[in-house]
Amino acid sequence: MINEKMMEKKVIRDNIHGNISIEYKVIWDLINADAFQRLRRIHQLGGTYMVFPSAEHSRFTHSLGVYNIVKRIINEVEGIKEHLENERNIIVLLCAGLLHDIGHGPYSHAFEDVFNSNHEEKTIEIITKDTTINKILSSYDPTIAKEIASIISKTHPNKIMIQVISSQVDADRMDYLLRDAYNCGVSYGNFDLERLLRSMVVYDNKLVFKESGIHAIEDYIFARYHMYWQVYLHPTANSFEIILTKILRRVKDLFENNYNFKQDINLLIPFLKGEKVLVNDYLQLDESIIIYYFSQFRYEDDEILSDLCHCFLERKLFKHRDIKDYKQGQDMINNLETDKTKQEYYFDMQTAKSAIYKYYGDLNSQSIMILTKEKDIKELYDASDLVNAIVDSAQQKQEKKIYFHQKYLSKLNE
């Protein structure tokens with residue numbers, strides 16, 4: 001039975017939420033599954049630990065945190081249990097919170113960019129295809145896997161269940177803001193989680209926030225704003241991601257040109273072939289495997305691949321300069337390097353834009369909705385002058401940069 005409980009409640013100690021308790025056996029079995037344990041070997045923030053050395057936390061701890069916030073929303077938010085209707089739906093929602101990130105690959109965003117992968121699609125596959133996760137779920141209830149997947153894919157008929165897992169104030173964002181700020185050692189990502197949960201309520205079949213709690217929402221939006229510009233978009237962390245992307249692209253280009261690698265690259269071959277990767281091949285790859293390959297690629301005969309892997313492993317990150325537009329950046333590249341292949345691998349141009357809050361212009365399941373004292377529902381953008389101002393200013397804020405290999409630094413300074 002899906003609602004089978006543990007003989008003895010399990011408690012996991014967490015640096016953000018204190019004690020995280022597990023009562024249902026299915027949750028405990030999922031946590032101990034190999035596909036979920038793999039998340040221990042995937043950083044939550046990719047290469048951000050190159051800037052903030054203590055940001056070593058994993059998607060494993062984040063997933064536990066999301067599960068815990070989902071549990072708190074279920075138990076503390078007024079009216080939500082009535083809309084979940086029964087214990088089975090409660091367990092489905094808890095599983096969705098726990099498994100929402102299980103499809104992330106190693107150094108997720110760079111990996112997805114090179115190999116045209118999508119972590120949300122992989123999450124659905126891991127839940128619904130022939131994996132240990134699916135077998136665990138099916139052993140308790142043959143239909144629960146598809147229901148969990150429909151919450152994550154935003155197709156479930158119960159929109160409140162989707163809002164809890166995926167909206168602009170969801171359990172995912174609430175956990176990663178607090179967790180990322182704590183592990184990076186910064187204070188500006190903090191917000192009042194307790195007040196936020198107290199102001200959340202179900203009204204007119206929607207998950208909304210009382211007008212009296214609007215300051216907690218504003219606090220949350222400001223936390224997102226500062227974390228984006230100070231942590232998530234940090235140019236040094238971005239440099240790490242660029243080098244990582246360049247290495248993977250170089251490996252892919254060499255493979256396509258029949259380069260003879262000294263190292264056995266069997267675990268990468270399903271991705272390098274450009275075909276649809278089987279889910280169990282996908283699950284074999286984590287960041288420890290990538291690090292091992294890069295450590296071996298240092299000794300390859302290909303000069304560019306070897307050099308980039310040295311840069312990656314020894315933190316010889318690309319330098320960066322502000323540019324007014326990409327034409328200026330390309331002119332700088334042409335002045336520094338004429339070899340087109342080296343231009344491709346030793347330079348990059350990026351535009352940093354923050355995703356603070358998306359205003360849709362009308363109310364939908366992704367909007368942050370404010371319940372006024374008169375029992376009207378307003379979009380946050382229309383209810384808060386502060387959010388209105390910060391969203392408008394954030395949409396105008398962009399930073400264009402050129403990134404380049406350190407060996408060009410002296411020439412550029414000249």
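The legends below describe views of a predicted model.

**Figure 1. Overall view of the protein, with its 23 helices and nine strands.** The C-alpha trace spans about 65 × 50 × 35 Å along its principal axes. A compact globule of 414 residues would have a radius of gyration near 22 Å, and the protein agrees with this because its own value is 23 Å. Of the 414 residues, 56% are buried. The protein exposes about 18400 Å², and carbon and sulfur atoms supply 46% of that area. Counting contacts between residues at least 6 apart in sequence, 70% join residues at least 24 apart.

**Figure 2. The largest pocket and the residues nearest its centre.** This pocket holds about 1400 Å³ of space. Its lining is made of 48 residues, and those that lie nearest the centre are Arg59, His104, His109, His119 and Tyr228. Sorted by class, the lining has 14 nonpolar, 17 polar and 17 charged residues.

**Figure 3. Helices and strands around the largest pocket.** Elements that each supply at least two residues of the lining include helix H3 (59-76), helix H6 (108-115), helix H7 (119-128) and helix H11 (171-184). Helix H13 (214-232) and helix H14 (235-256) also each supply at least two, as do strand E6 (347-352) and strand E9 (399-404). The largest share comes from H14, with seven residues.

**Figure 4. The one cavity of 30 Å³ or more in the structure.** About 70 Å³ of space lies in this largest cavity. Its lining includes Gln163, Ser167, Gln168 and Val169. Leu207 and Phe209 also line the cavity, together with Gln366, Ser367, Ile368 and Met369. By class, five of the lining residues are nonpolar and five are polar, with no charged residues.

**Figure 5. Ile144 and its surroundings.** Ile144 lies in helix H9, which covers residues 144-152. The residue counts as buried because its relative accessibility is 0%, and the cut-off for buried is under 20%. Setting aside neighbours within four places in sequence, Ile144 is in contact with Ile2, Arg88, Val92 and Leu137.

**Figure 6. Ile144 and Tyr203 shown together.** These two residues are 59 residues apart along the chain. The C-alpha atoms of Ile144 and Tyr203 are separated by 27 Å.

Technical notes
Residues numbered from 1 in each chain as written. Predicted model: local features only at pLDDT ≥ 70, side-chain atom pairs only at ≥ 80, totals over all residues. Heavy atoms only, no water. 1 Å grid on protein atoms, 1.4 Å probe; cavity = no way out; pocket = protein on both sides within 12 Å on 5 of 7 lines; lining within 4 Å. Points joined across faces, edges and corners; volume = space filled by probe spheres on them. Nonpolar A, V, L, I, M, F, W, Y, C, P; charged D, E, K, R; others polar. Helix = DSSP H or I, 4+ residues; strand = E, 2+ residues; numbered from the N terminus. Rg over C-alpha atoms; globule rule 2.2 N^0.38 Å. Buried < 20%, exposed > 50% of the residue type's maximum accessible area, 1.4 Å probe, protein only. Contact = heavy atoms within 4.5 Å. Areas by Shrake-Rupley, 256 points an atom, 1.4 Å probe, with all protein chains shown as cover.
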